[in-house]
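Visitor: Can you walk me through this model? I'll ask as I go.

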Amino acid sequence: MKTTLNIDDRVMARLRREAARRGCTMSELVETALRLLLQTRGEPADLPPLPSFRSGGHLVDIADRDALYHAMEGR
């Protein structure tokens with residue numbers, strides 16, 4: 001597939017030099033780099049469950065703004 005990318009001039013210059021050093025095309029080098037990047041990502045690891053605490057129930061209905069302010073300000 002052919003595509004267009006915007007690449008910083010300094011990065012492009014390094015890419016040209018590296019491709020010449022390896023004796024390959026810039027496209028081959030970019031494709032190899034992308035394959036490596038995507039290969040090592042893998043699936044996200046399952047996160048452990050969040051801890052839960054028994055707090056004795058809620059002290060205020062957070063949907064009730066006045067009650068929430070009252071609880072926060074200690075009035």
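Visitor: Which residues make the nonpolar surface patch?
Guide: Leu5, Ile7 and Val11 make a nonpolar surface patch of about 260 Å². A patch takes residues with over 30% relative accessible area and no salt bridge, joining nonpolar side chains (Val, Leu, Ile, Met, Phe, Trp, Tyr) within 5 Å and like charges within 9 Å. Areas come from the Shrake-Rupley method with a 1.4 Å probe, and for residues only the protein chains shown count as cover.

Visitor: Where is Val11 found?
Guide: Val11 is found in helix 1, residues 9-22. Its relative accessible area of 47% makes Val11 partly exposed; buried is under 20%, exposed is over 50%, and partly exposed is in between.

Visitor: What kind of model is this?
Guide: This is a predicted model, where local features need pLDDT of at least 70, side-chain atom pairs count only at pLDDT 80 or more, and totals for chains, interfaces and linings use all residues. Residues are numbered from 1 along each chain as its sequence is written, and side-chain values use heavy atoms, with hydrogens and water left out.

Visitor: How many salt bridges are there?
Guide: The count is four, taking a side-chain nitrogen of Lys or Arg within 4 Å of a carboxyl oxygen of Asp or Glu.

Visitor: What does Glu31 pair with?
Guide: The Glu31 side chain forms a salt bridge with that of Arg35, at 2.6 Å from N to O. Both residues lie in helix 2 (residues 26-41), four residues apart, about one turn of the helix. Glu31 is partly exposed at 40% relative accessible area, while Arg35 counts as exposed at 55%.

Visitor: Which residues are joined into one network?
Guide: Glu18, Arg21 and Arg22, through salt bridges that share partners. Arg21 meets Glu18 at 2.6 Å, N to O, and Arg22 also meets Glu18 at 2.6 Å, N to O. Arg21 is three residues from Glu18 in helix 1, so about one helical turn separates them.

Visitor: Zooming out, how many helices and strands?
Guide: Three helices and zero strands, counted as DSSP runs numbered from the N terminus: H or I of at least four residues for helices, E of at least two for strands.

Visitor: Spread out or compact?
Guide: The radius of gyration is 28 Å, well over the 11 Å that the globule rule gives for 75 residues, so the protein is more spread out than a compact globule. The radius is taken over C-alpha atoms, and the rule is 2.2 Å times the number of residues to the power 0.38. The C-alpha trace spans about 75 × 30 × 25 Å along its principal axes.

Visitor: What share is buried?
Guide: Buried residues make up 5% of the 75.

Definitions and conventions. Buried means under 20% relative accessible area, exposed over 50%, partly exposed in between (1.4 Å probe, protein chains only).
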